There are 2 protein chains.
Amino acid sequence: MVGERPVGRARAVIGVVRESAQGERRVAMVPKVLERLSAKGIEVVVQPDAGAAALIPDAQFERAGAKLADPWAADIVVKVAPPTEAEIARLRSGSVLIGFLEPQVRPEITSALRAAGVHGFAMEAIPRISRAQAMDALSSQGSIAGYRAALLAAEHLTRFLPMLTTAAGTVPPASVLVLGAGVAGLQALATARRLGARTTGYDVRPEVADQVRSVGAQWLELDIAAVGSGGYARELTEAERVDQQHRLTDAVMGFDAVISTAQVPGQPAPVLVTAEAVAGMRAGSVVVDLAGAGGGNCALSEPGETVVRDNVTVSAPLNLASSMPEHASELYARNVLALLDELLDEQGALAVDFTDEVVAATCVTGQDGQS
Amino acid sequence: MVGERPVGRARAVIGVVRESAQGERRVAMVPKVLERLSAKGIEVVVQPDAGAAALIPDAQFERAGAKLADPWAADIVVKVAPPTEAEIARLRSGSVLIGFLEPQVRPEITSALRAAGVHGFAMEAIPRISRAQAMDALSSQGSIAGYRAALLAAEHLTRFLPMLTTAAGTVPPASVLVLGAGVAGLQALATARRLGARTTGYDVRPEVADQVRSVGAQWLELDIAAVGSGGYARELTEAERVDQQHRLTDAVMGFDAVISTAQVPGQPAPVLVTAEAVAGMRAGSVVVDLAGAGGGNCALSEPGETVVRDNVTVSAPLNLASSMPEHASELYARNVLALLDELLDEQGALAVDFTDEVVAATCVTGQDGQS
């Protein structure tokens, strides 16, 4: 059941909340993007300390035109991580919540929002069409995760990524393999290459080979193809998976660092780096596994932890984008702003067209909070 | 007083010890370099687990020809960090110890070695002449520290170093200032530049401006010059220091990351980044201070710690080279090997020419352990 309808009201008030999830350093709006809302006369209410973990002081939000107060009763509440039950209870019936709502992994959140009469817009449900690219938070956060993954590989590797020439001799460049050539994978390849590594990319979708080569990496040919819908890889058959694992295990052993980014939405992450592969890597090598949230692409990953196994460091950070919180927040805020442009009319009032392709895909609770 | 003289004996035995200093992950010899000693028929004894912290397993040392046993009674003991009193007690009179012995900072170590009849060769005392370049461990470890400092700046910065173009807009590249254009500073500049940052270098020695420009960085002109001996900066006068601080404070505020590497051997590190400068930096910016061992170049540095002050991260790591232990050890081992070539004759016996320029400078205990 829904109380007030969010359509046709006066100018909307936007609330920016302080994230409560452990380790979440991002905030859904940054001063620079907030200024654009202020310039349109839209009132933005920011929870005190909302930017603290991103090292963005309250005063910067105020200078951008925000009011520091309770944001939870706003017409549109913007956040990053999924809301807790207690947070959902603070939302007003008829209001809009924008954030990562994990509709596939945690459908109970969608149900709770619907029950509270809140229109939930899930950033991960933004359709991958060109019109919606500016709203694509999975891509913006993925590019940050890829960049940070390459830095993390460099940090944990006991060796240089670049070739180094010294008076005492030369050390060769490190070799980096990236598994999964989505936004995160391509950014990881580009960053490792920038740092001077020899880079190689692999994906089950052979048509991304050119993208891999375009960032200066070699393409690892394993002769297995699995293209799914929406630009994601489809799940492999069991036989294909076993075959892939054997071939990958052989390949992985030759690299100094492996960065894995293979996720299938709503499914456990495929195991691409076996324990045998890790044991076969040279001592001091590194695996950075970005699929930790889905259980990991490496059999030895402990999601959220960095461990050493067989003298190889295996790091499976969760929420890597959050480790660079200002720009992660800024890009996310721009994505949110682009979505807000779809939800607000010229006067800044909520005017949601539930028949619109982007709105229909992203509003996981449905028009009446009951779909 | 000295027992046996180290000259004219039979083929020397070389001992590689496990480091005991807290946080020291390096080892003074790696399998790849050890092979060259083995090839000459020189016996090398490696302490079990000597390479463990560098993720170099004992088996690799054995495959390179080493024996796993007690290395402390060897003719030449090689290590990285200064020896403890207990370690000095394990050294044989008449033996040679090679390592960072901190002759200027901790002269009591030199005294204790002399009293034990041990010939101490301090790697930081290698003269900076072209013949000794291959032995220059300060340079090899400095280049690692500079590389790691740039990675650390990237890690702590809440923003990207490179420019990033996304569907939701562009973020500009970060600006990085490096203070001190020695080996570490130049490598930090080169690495930050590789990662896509706009880089600027500063040094009190104006003649290094071309080296700064050669790694793609701008030169920060403050109109203060202080060239000392041995390629190091000399200490500034008090008036010069105050003037420099004022000008630097103004300059620093404009950068996203500042990496400071200014050390004067045997002196406290000069304060180049004032508390006022840090407070004036944009929130989310970073100071990486490589002069922590000398108290730090930043007034807010806490040596060995990473702290956040005024929304700026100030990191003052100690022994940053140790954070990339395999290559740090490998380059150090090559430096040691080059020094060993000076100390051993064709047959691999100790044959030290104490009148040699390199030997005279590096052997801090003097010929008879009594100078």
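Predicted model: local features only at pLDDT ≥ 70, side-chain atom pairs only at ≥ 80, totals over all residues.
The secondary structure of chain A consists of 11 helices and 15 strands. Of its 371 residues, 57% count as buried.

The overall dimensions of chain A can be set beside these figures. Along the principal axes, its C-alpha atoms fill a box of roughly 70 × 50 × 35 Å. The radius of gyration of chain A is 22 Å, which agrees with a compact globule, because a globule with 371 residues would have a value near 21 Å.

A local example of strand pairing in chain A is given by E14 (residues 306-309) and E15 (residues 312-315), which pair in the antiparallel sense over four bridges.

Helix packing may be followed in chain B. Two packed helices are described by the angle between their axes and the distance between the axes. For helix H1 (residues 31-39) and helix H10 (residues 325-343) of chain B, the axes come within 9 Å and cross at roughly 20 degrees. H1(B) is therefore roughly parallel to H10(B), since angles under 35 degrees count as such. From H1(B), the contact is made by B:Lys32, B:Val33, B:Arg36 and B:Leu37; H10(B) contributes B:Glu330, B:Ala333, B:Arg334, B:Leu337 and B:Leu340. By class, this contact has five nonpolar and four charged residues, with no polar residues.

Key:
Residues numbered from 1 in each chain as written. Chains lettered and ligands numbered in written order. Heavy atoms only, no water. Pairing = 2+ DSSP bridges. Helix = DSSP H or I, 4+ residues; strand = E, 2+ residues; numbered from the N terminus. Axes fitted to C-alpha atoms, helices over the stretch in contact; angles between N-to-C directions. Parallel < 35°, antiparallel > 145°, perpendicular 65-115°, else oblique. Contact = heavy atoms within 4.5 Å. Nonpolar A, V, L, I, M, F, W, Y, C, P; charged D, E, K, R; others polar. Rg over C-alpha atoms; globule rule 2.2 N^0.38 Å. Buried < 20%, exposed > 50% of the residue type's maximum accessible area, 1.4 Å probe, protein only.
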